[in-house]
Amino acid sequence: MSAIEFSRRTRWDFVANRWTALRAEKEARGEPLLDLTASNPTRVGLPYPEDKIAAALGDARALAYEPAPFGLPDARHAVAEHLAAGGAAIPADRIVLAASTSEAYAWLFKLLADPGDAILVPRPGYPLFEFLGGLESVRPVPYPLDLEDAWRIDAEALGRKATPGARALVLVNPNNPTGSFLKRDEWGPLQLLCRARGWAVVSDEVFRDYAYAPDPARVSCAADGAEVLTFSLGGLSKSAGLPQLKLAWIAVGGPDAEVRGALRRLEVIADSYLSVGAAAQWGLRGLLAAGAEVRARIQARAASNRAALESACAGSACRPLPAEGGWYGILQIPATRPEEEWVLRLLAEDGVAVHPGYFYDFPREAFLVLSLLPPEPSFAAAAAAIVRRVAAEA
């Protein structure tokens with residue numbers, strides 16, 4: 001009898017790394033942890049407006065099945081209004097709903113690339129593109145974000161080094177985990193490059209509502225006024241702090257003919273899945289309104305923890321890197337030992353869980369990636385422990 005052979009797309013390494021294995025051991029023993037990897041806003045002690053969320057989900061219209069490939073018109077208009085409140089003018093007929101930004105990526109990779117084609121993704125970046133690209137049989141190829149006084153994309157250098165067979169450029173704006181926004185003086189040359197190479201743009205903007213301060217120099221929604229075919233992604237997971245409700249959106253911008261062609265094909269893709277639940281769609285206006293309260297609490301928590309991190313690191317060998325938004329802080333520490341050894345020592349001896357920079361494809365060492373979501377006392381205690389550990393062993 002022949003053995004089952006699984007798809008090459010699922011040939012992953014299932015062996016836990018040393019940090020993951022150690023954490024699992026400590027949790028199995030019931031040892032307390034100061035967890036600075038927590039990224040789920042529903043699990044960090046933030047109060048939610050439960051009555052408003054429940055009311056939004058109680059719309060009786062959700063009892064009827066009304067399949068709509070791009071999403072129900074009322075929900076698409078709600079997204080357009082939400083984007084407009086943030087300064088982006090995207091018509092509702094250019095909004096496509098999906099269950100998550102991960103699903104949106106999958107649809108767009110299907111739309112834009114054939115098996116074996118390349119998709120350009122930022123480095124550092126969130127460690128998801130390898131999996132999403134592999135599942136769609138496309139190759140994620142990293143391009144660098146350069147850090148001088150701020151993280152930036154060098155369009156000229158990108159054009160020189162671009163991989164043959166590339167079909168799209170992925171932007172993460174603001175980047176996760178660096179918290180850096182795309183600037184207008186970067187976006188112009190990037191659009192020219194994409195037009196010349198025939199690349200579409202996929203701009204992941206899930207953290208766009210979490211800017212630390214206004215800045216007219218930044219691009220908040222790349223699809224708004226784009227001169228190249230551009231897809232801007234967002235969703236309830238971040239904009240309303242509601243990852244469990246599974247509703248995201250794609251805003252499509254660019255030359256009219258290209259937008260029309262993309263939407264015709266996306267309609268078939270979306271119609272093949274019909275993945276967004278009716279309750280989330282009919283409740284979207286109320287969920288976004290309730291989510292504004294959650295978002296304000298998340299912003300306050302992140303700002304407080306960012307200030308605590310900077311205070312703890314003052315006068316030490318630890319340096320918080322500049323950021324403009326998001327839920328994460330990047331801490332540069334002395335490269336006197338590998339990042340893996342730093343995070344293992346912190347976990348084993350200090351009970352502090354942080355991610356090493358190499359999880360996010362940082363090109364050099366040594367960096368720690370810290371979630372700014374944990375409760376303030378836990379975060380402050382963990383930050384102080386990191387500084388003590390570095391002072392003792394750097």
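This is a predicted model: local features need pLDDT of at least 70, side-chain atom pairs count only at pLDDT 80 or more; totals for chains, interfaces and linings use all residues.
Figure 1. The view includes the pairing of β14 with strand β15 (residues 367–371), which is antiparallel and extends over 2 bridges. Within this pair, H355 has V369 of β15 as its bridge partner. Strands of a sheet pair through backbone hydrogen bonds, either parallel or antiparallel.

**Figure 2. An open sheet of 7 strands with mixed pairing.** The strands of this open sheet follow the order β2-β10-β9-β8-β7-β3-β4, and their pairing is mixed. Strands β2 (95–98) and β4 (139–144) lie at the edges and have a single partner strand each, so one side of each is left without a neighbour in the sheet. On average, neighbouring strands of this sheet are turned by 25° against each other, direction ignored.

Figure 3. Strand β8 (residues 200–204) and strand β9 (residues 230–235) run parallel and are joined by 4 bridges.

Figure 4. Is strand β8 largely enclosed or left open by the rest of the structure? Of its 5 residues, 5 are buried, so β8 is largely enclosed by the rest of the structure. Residues A200, V202 and D204 point one way from the strand, whereas V201 and S203 point the other way, and all are buried. Strand β8 is joined to β7 by 5 bridges, and these two strands run parallel. In this pairing, V201 of β8 is the bridge partner of L169.

**Figure 5. The contact between helices α1 and α12.** Two packed helices are described by the angle between their axes and the distance between the axes. The axes of helix α1 (residues 18–28) and helix α12 (residues 339–350) come within 10 Å and cross at roughly 5°. Because angles under 35 degrees count as roughly parallel, α1 is described as roughly parallel to α12. On the α1 side, the contact is made by R18, W19, L22, R23 and K26. On the α12 side, E340, E341, V343, L344, L347 and A348 take part. The residues of this contact divide into 6 nonpolar and 5 charged, with no polar residue among them.

Figure 6. Residue T178 is found in the loop between β7 and α7. Is T178 buried or exposed? Its relative accessibility is 1%, and because buried means under 20% relative accessible area, T178 counts as buried. The side chain of T178 makes two polar contacts in this view: one with the side chain of N175, at 3.0 Å, and one with the side chain of S180, at 2.8 Å. When neighbours within four places in sequence are left aside, T178 is in contact with P124, L145, W151, P322, A323 and I330.

How values were computed. Residues are numbered from 1 along each chain as its sequence is written. Side-chain values use heavy atoms; hydrogens and water are left out. Two strands pair if DSSP finds at least two bridges between them. Axes are lines fitted to C-alpha atoms, for helices over the stretch in contact, and angles run from 0 to 180 degrees between N-to-C directions. Angles under 35 degrees count as roughly parallel, over 145 as roughly antiparallel, 65 to 115 as roughly perpendicular and the rest as oblique. Contact means heavy atoms within 4.5 Å. Ala, Val, Leu, Ile, Met, Phe, Trp, Tyr, Cys and Pro count as nonpolar, Asp, Glu, Lys and Arg as charged, and the others, Gly among them, as polar. Buried means under 20% relative accessible area, exposed over 50%, partly exposed in between (1.4 Å probe, protein chains only). A polar contact is a pair of N or O atoms within 3.5 Å; within protein, one must be able to donate a hydrogen and the other to accept it, and residues adjacent in sequence count only if both atoms are side-chain atoms.
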